[in-house]
Amino acid sequence: MTTQTGQVFTKVALIGVGLIGSSIAHAMRRGSLAAHIAGHSGSADTRKRAGDLGFCHSMHEDPLDATRDADLVVLCTPVGAFGQIAQAIAPALKPGAILTDVGSVKMAVLRDVGPHVPSGVHFIPGHPIAGTEHSGPESGFAELFDGRWCILTPPPGVDAVALETLSAFWRGCGSRVEIMDAKHHDLVLAITSHVPHLIAYNIVGTASDLEQVTQNEVIKFSAGGFRDFTRIASSDPTMWRDVFLNNREAVLEVLGRFSEDLARLQRAIRWGEGDMLFELFTTTRAIRRGVIEAGQDTPAPNFGRDAKKPRTTP
Ligand code: NAP
């Protein structure tokens with residue numbers, strides 16, 4: 001079997017078949033990237049749901065069974081579980097196999113998984129910068145990675161052929177691939193993803209706590225910017241708890257800068273410094289244009305939502 005990238009795996013093991021794991025399975029099937037896709041979930045319910053959807057050729061309760069004979073193993077669970085899983089699957093990792101992951105932080109993955117990797121196995125952490133606020137095996141789709149970056153953070157001395165094989169795999173899933181140092185990844189993602197999620201969690205929490213604004217009004221008048229925060233703040237609690245606990249240093253560094261800048265805005269509003277506000281808002285508008293020009297979002301108003309579509313809430 002060959003593919004447009006020329007890359008084929010005989011067996012790929014997906015340890016975790018939620019949004020990202022199931023999307024990888026769909027993308028692999030679309031690109032004919034693997035002869036056999038084995039999935040693992042410890043939960044009978046998830047195994048049944050994933051089995052009914054049929055994106056894996058086999059589903060396994062024991063991650064060892066999914067991993068055995070695989071030439072690519074992808075950890076697709078919340079980051080906090082990686083260390084324990086790596087320890088459990090280590091005896092089944094075959095020499096020459098590639099072990100990777102999709103975790104949203106990378107230094108912690110090197111720390112937690114690295115010590116369990118047997119010699120002869122190529123360990124190359126990765127992070128597809130693609131996702132939605134949905135979770136579970138039903139939420140995956142083949143196009144999730146199309147045109148999105150996948151960052152690989154190989155440890156020093158990585159095997160060049162294994163790195164190219166994994167890069168070709170992600171290109172086969174539709175991604176563009178960037179190689180980065182793990183520490184730098186964590187800082188970049190702290191500002192572009194982790195702190196924005198924290199801000200969303202915080203503002204939605206604050207709004208729902210405000211005594212003079214009832215829950216009903218928060219929902220009823222959510223058409224402003226608040227609605228966009230609620231989408232982000234509905235993201236999976238386990239995944240995001242693990243992200244913050246495992247990227248503590250970079251998140252605290254960025255939060256410190258954020259708090260200083262927020263205090264500066266607070267001061268500008270208090271003292272009526274309109275020029276300062278105008279200047280900042282002009283700069284941020286240009287950044288939005290840059291995001292669109294880079295193909296990372298739609299130029300359509302309101303993120304392409306149909307304004308005439310009936311709403312379910314009054
Ligand atoms: P998800 O939809 O919630 O799926 C998580 C999967 O992990 C489920 O199959 C779950 O199995 C399994 N799992 C949870 N805890 C486990 C444990 N202790 N041991 C074994 N399996 C366990 O999450 P996701 O969005 O796919 O995220 C998975 C990974 O992708 C995370 O590391 C996250 O940082 C990364 N990521 C997410 C996004 C995003 O936008 N969502 C984007 C990029 C990267 P059960 O159903 O059996 O519990």
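The side chains of Arg 49 and Asp 45 meet in a salt bridge, 3.0 Å from N to O. The term covers a side-chain nitrogen of Lys or Arg within 4 Å of a carboxyl oxygen of Asp or Glu. Why can these two pair up along one helix? They sit four residues apart in helix α2 (residues 44-53), so about one helical turn separates them. Helices here are DSSP runs (H or I, at least four residues), numbered from the N terminus. The structure holds 14 salt bridges.

This is a predicted model: local features need pLDDT of at least 70, side-chain atom pairs count only at pLDDT 80 or more, and totals for chains, interfaces and linings use all residues. Residues are numbered from 1 along each chain as its sequence is written, and side-chain values use heavy atoms, with hydrogens and water left out.

Now the domains. The protein chain is assigned domain 1 (9-181) and domain 2 (184-293); such bounds come from an automatic or database assignment. Their centres, taken over C-alpha atoms, are 30 Å apart. Domain 1 brings 19 residues to the contact and domain 2 brings 15, where contact means heavy atoms within 4.5 Å.

Together the two domains bury about 1,300 Å², 59% of it on carbon and sulfur atoms. Buried area is the accessible area (1.4 Å probe) lost when two parts are put together, summed over both. On the domain 1 side, Ser 104, Val 105 and Glu 133 supply 38% of the area buried against domain 2, more than any other three residues.

Which residues form a salt bridge at 3.2 Å, N to O? The side chains are those of Glu 133 and Arg 231. The count between domain 1 and domain 2 is one salt bridge.

Last comes helix α12 (residues 274-293). Its 20 residues reach 29 Å from first C-alpha to last, close to the 28 Å expected at 1.5 Å a residue. That expected span is 1.5 Å times one less than the number of residues. Gly 295 follows α12, with a positive phi near 75°.
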